[in-house]
Amino acid sequence: MRHSIRIAVGPVQFRIGSDWAAPIAALERLYAGYPQDDARPAEATVRLFAARPWRRWVRPSVHIGGDFVVPDALPLPLSMGLLAAEMGMNLQVALGWRRHMLLHASAVARDGRALIMSGESGSGKSTLAALLGEDEWRLMGDEFTLIDPVGGDAFAFPRAVSLKNEAIAAVAGRVDAARLGPLMAGTPKGDIRHLIPRADAIAAMHEPARPALLLFPRFGGGTAIEPMGEGEVFVRLTEASTNYVALGEAGFAALTRLVRETPAFGISYPDSATGIALVEQLWAETLK
Amino acid sequence: MPDPAYRAAPPGALRVEPLGELTAIFDRRSMQTHLVVSPMPEILAALGAGDCDAATLTARLAESFDLGGADDATPIVAERLGELAAMGLVARA
């Protein structure tokens, strides 16, 4: 790879290589505040390479590669190299990480306790985490939450937050423009703009937090709170975990413990302000 | 054809964790997770007392549970045993 960068996000050391300078330059800007230890061996490698050598010059498109390859990964135009890098990083962690149980969930922490939010794309879990992270919460991550299979603590994976579509305006108005990446319009996932987490969240990214509340948000529709039974939470989280099966009994033990020890609710909300209010209400009720 | 006899999984093969209305069972041999509801956990526990057929197992269950008129419970228990065998959680003795 002609251009490369090493970035530590939570416990994962990435090496990202690219045939082009632009995606690496964009990553250098987004991840300037993260540890960049060039001597530490990489645990996940992402390569953005040209499909054919000559394609680097003619109508370039970025292909995602790395330790694991999804055969039908979308070839993305070079202008979306940053998105390709993000997708590659997600892919390597989702498929390769074994040290923790990985939940496809956002998380924020307060007073050493974690609020974990799991949901499909579009549920609002990312936006809620980003907005809470601008308040009195520490942003732990907008995409993945890592659970220590031995102790049960949650660990952060605070990559640059991937704001999509309406969430861009909802968050952009509240933060310093220097913390926003370039607007990438019309990607396969819609409009995307990255938000650099607050410096205190990056500085605290190795600090564990005890899971205290599990929420399954659903954006749209009326305001509702629905307590969720242990069995349903277990099923949903096995579906939300990318490495539950690979972890074997350690994953089973970690998940049963998390489900038993953590109160869980489904919430639906018509707008972000209501969503935040529901989160604060449930947090106060759960921890009193 | 007489009712087949069944055998419980060897000690330590299954990790059984009740989770509210569901019971999660991790099979250490296959590394598979099974999610079951009542009466599956009760049947597994009762079979742990020794190999037996559905009629004997129904009698064992009736000692601890109200089966609501025991005359028609044996075919149901036999069917559940067949399902547990298909999941690999019990075996033909």
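The model is predicted, so local features need pLDDT of at least 70, side-chain atom pairs count only at pLDDT 80 or more, and totals for chains, interfaces and linings use all residues. Residues are numbered from 1 along each chain as its sequence is written, chains are lettered from A in the order in which they are written, and side-chain values use heavy atoms, with hydrogens and water left out.

**Where the chains meet**

- Chain A brings 13 residues to the contact and chain B brings 14 residues (contact means heavy atoms within 4.5 Å).
- Between them, the two chains bury about 1,200 Å², 63% of it on carbon and sulfur atoms; buried area is the accessible area (1.4 Å probe) that two parts lose on being put together, summed over both.
- On the chain A side, Glu249(A), Phe252(A) and Arg260(A) lose the most area to chain B, together 46% of what that side buries.

**Salt bridges**

- Three salt bridges cross the interface of chain A and chain B (a side-chain nitrogen of Lys or Arg within 4 Å of a carboxyl oxygen of Asp or Glu).
- Arg28(B) pairs with Glu249(A) in a salt bridge, with the closest N and O atoms 2.5 Å apart.

**Two helices in chain B**

- Helices here are DSSP runs (H or I, at least four residues), numbered from the N terminus.
- Ala54(B), Ala55(B), Leu57(B), Thr58(B) and Leu61(B) of helix 2 meet Ala73(B), Thr74(B), Val77(B), Ala78(B) and Leu81(B) of helix 3.
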